[in-house]
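Let's learn to read a few features of a protein model together. Have a look at the structure first, then we'll talk it through.

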Amino acid sequence: MASIHCFFRYPVQLNTSTSTSTSTSTSTSRVPVSSFSFNCLRCSRSSSSSSVDAHAAANKNVGDDVFSVTSSSEYDVDYLGESTKGDFNLNFDRLQPVALDGPIEEVARMEAQEAEHLLNDFGIPSPSSARNSPRGIFCSRTLNLRSISAIGYDMDYTLMHYNVMAWEGRAYDYCMVNLRNMGFPVEGLAFDPDLVIRGLVIDKEKGNLVKADRFGYVKRAMHGTTMLSNRAVSEMYGRELVDLRKESRWEFLNTLFSVSEAVAYMQMVNRLDEGAIGPELGPLDYKGLYKAVGKALFRAHVEGQLKSEIMSKPELFVEPDPELPLALLDQKEAGKKLLLITNSDYHYTDKMMQHSFNRFLPNDMGWRDLFNMVIVSARKPEFFQMSHPLYEVVTGEGLMRPCFKARTGGLYSGGSAQMIENSLNIHGDEILYVGDHIYTDVSQSKVHLRWRTALICRELEEEYNALINSRGQRARLVELINQKEVVGDLFNQLRLSLQRRNRGHPAQTLAATNMDDQELTESMQKLLVVMQRLDQKIAPMLESDGELFNKRWGFLSRAGLWDKSHLMRQIEKYADIYTSRVSNFLHYTPFMYFRSQEQTLAHDSYSYYCSERNDGSVSGVIDN
């Protein structure tokens with residue numbers, strides 16, 4: 001018999017013995033957390049109604065005498081600046097004082113060790129280990145989920161992930177049909193999703209697609225479908241930065257929905273350069289061409305043919321996630337109010353949510369049962385910026401009537417975020433909004449309403465694995481760069497010695513002064529050859545860095561070997577947490593306290609090195 005002390009103040013006995021003699025024996029084999037939790041949930045939902053009635057009659061939850069929950073009117077702010085609303089507290093007035101043996105540091109260390117062992121025994125990954133996986137939830141700004149009263153979700157590419165090749169491929173096809181009808185030459189063109197990645201920026205003035213670092217400096221660029229050399233990039237963009245505020249020139253690829261448009265545009269840039277676009281379309285520059293492609297794609301969405309095709313065969317376009325409904329049920333049953341806020345219309349939303357959710361829900365639940373409020377045709381980002389008329393959807397056919405106030409359980413079209421706040425009496429940082437679009441979903445909800453935010457980026461899983469598989473190559477590259485740096489330091493010192501000798505000044509050191517002219521020049525010659533050879537080795541390795549993710553653009557989150565991409569800077573700025581899919585919440589709990597990681601600075605490595613060098617001192621004082 002094993003006793004649990006870390007989860008429960010009063011010991012609870014677990015039977016950890018194993019037996020194979022009877023069919024009711026307890027197995028100690030580990031069950032994945034997702035399957036374990038989901039099966040338990042199905043059992044709990046299908047339990048006899050008598051036990052439910054008995055519990056309701058008692059009208060009392062387990063632990064009511066022991067615990068209380070911090071209310072929104074009694075909350076405080078903790079030492080990390082987060083609200084304590086939703087925290088569990090001990091009812092000391094009803095309990096005997098709890099004695100701890102020894103200093104809290106020692107008690108906490110032992111409890112943490114025991115907690116890790118028990119989590120392993122339960123087959124549940126700890127938050128720290130879950131974070132170190134492709135499906136971790138990564139924290140940019142500390143977020144206490146316990147203080148969150150409502151969680152809003154976008155639908156497309158958030159609650160529902162599409163097969164990019166299928167969905168964006170069909171969007172591309174419809175765009176090409178519309179371009180052909182407009183008189184553009186599109187023969188021989190085919191959809192190539194590897195041509196672009198999320199986070200790139202279209203330069204509408206030059207017909208280029210660029211990848212910028214966190215400062216806005218362009219690191220890679222493509223004109224049409226041809227990648228530009230480093231020299232060409234430097235000559236073209238060496239004196240200017242990508243500025244997303246200049247919307248007339250720069251178009252940021254915020255979401256996977258941008259893939260089809262970017263592919264079509266870059267291919268049509270080739271046709272424009274080739275002179276294949278006839279004069280009957282008028283004098284076209286790259287900016288006018290972008291407008292034409294955007295118009296063709298917009299028509300594909302507005303005319304409804306694309307969505308009608310997807311609704312008729314959703315299984316061809318949607319990649320279902322069986323774990324997703326349980327993740328949302330956990331949040332709902334933890335007291336969170338769940339909201340669906342999507343720009344899609346009612347018919348499309350209902351059809352796709354039925355397909356993606358209903359078959360995975362227990363007890364004949366429908367997708368509507370998960371949400372306290374549903375908003376379709378929300379018109380984001382204006383939904384977060386201003387007020388639009390609100391309509392209530394009153395029939396299954398989608399008939400609507402004007403409405404002036406939303407209510408819990410309602411299905412609405414239009415409206416505004418402030419309307420939701422007023423209806424639920426929940427405001428600002430009590431609401432977490434989860435979406436895939438950095439601007440429409442994440443940036444605007446944070447800037448205008450101070451909602452907490454989560455970004456969904458499915459490509460993180462592929463990038464994470466690509467980074468793991470690139471560790472050896474990157475380590476060799478860093479080693480070569482470090483070797484060149486050391487060799488270069490010596491070369492620069494000898495070069496300075498030569499300069500001083502030619503000017504009749506003493507060298508930096510006695511050793512350099514004692515070198516004769518021949519020795520000095522021969523040493524410099526050898527070092528220069530070594531550095532040139534290293535450059536020949538380093539350059540192609542840098543060029544191929546990240547090709548396991550994308551051969552043209554490298555990693556999603558990086559620009560160069562060490563720096564962050566412009567996309568990553570946007571994520572850090574606007575998304576409190578980010579992850580690859582909503583069901584990753586299942587590997588945590590609705591009560592998780594996400595803490596941001598230490599942010600390294602340029603001088604951190606130097607101070608750490610010096611503290612280690614000074615006989616293990618941790619002072620970090622640089623020894624001059």
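**Helices, a sheet and cysteines**

Q: How do H16 and H18 run relative to each other?

A: Two packed helices are described by the angle between their axes and the distance between the axes. Here H16 and H18 are roughly antiparallel (an angle over 145 degrees). The axes of H16 (residues 471–502) and H18 (residues 517–544) come within 9 Å and cross at roughly 150°. Those axes are lines fitted to C-alpha atoms over the stretch in contact, with angles from 0 to 180 degrees between N-to-C directions. Helices here are DSSP runs (H or I) of at least four residues, strands (E) of at least two, numbered from the N terminus.

By the way, this is a predicted model: local features need pLDDT of at least 70, side-chain atom pairs count only at pLDDT 80 or more, and totals for chains, interfaces and linings use all residues. Residues are numbered from 1 along each chain as its sequence is written, and side-chain values use heavy atoms, leaving out hydrogens and water.

Q: In what order do the strands of the open sheet come?

A: Strands of a sheet pair through backbone hydrogen bonds, either parallel or antiparallel. In this one, five strands line up as E12-E11-E10-E9-E13, with antiparallel pairing (two strands pair if DSSP finds at least two bridges between them). E12 (226–227) and E13 (250–252) stand at the edges with a single partner strand each, so one side of each has no neighbour in the sheet. Three bridges join E9 (residues 201–203) to E10 (residues 208–212), and Val-201 has Val-210 in E10 as its bridge partner.

Q: How many disulfides are there?

A: A disulfide is a pair of cysteine sulfur atoms within 2.5 Å, and the count here is zero.

Technical notes:
Parallel < 35°, antiparallel > 145°, perpendicular 65-115°, else oblique.
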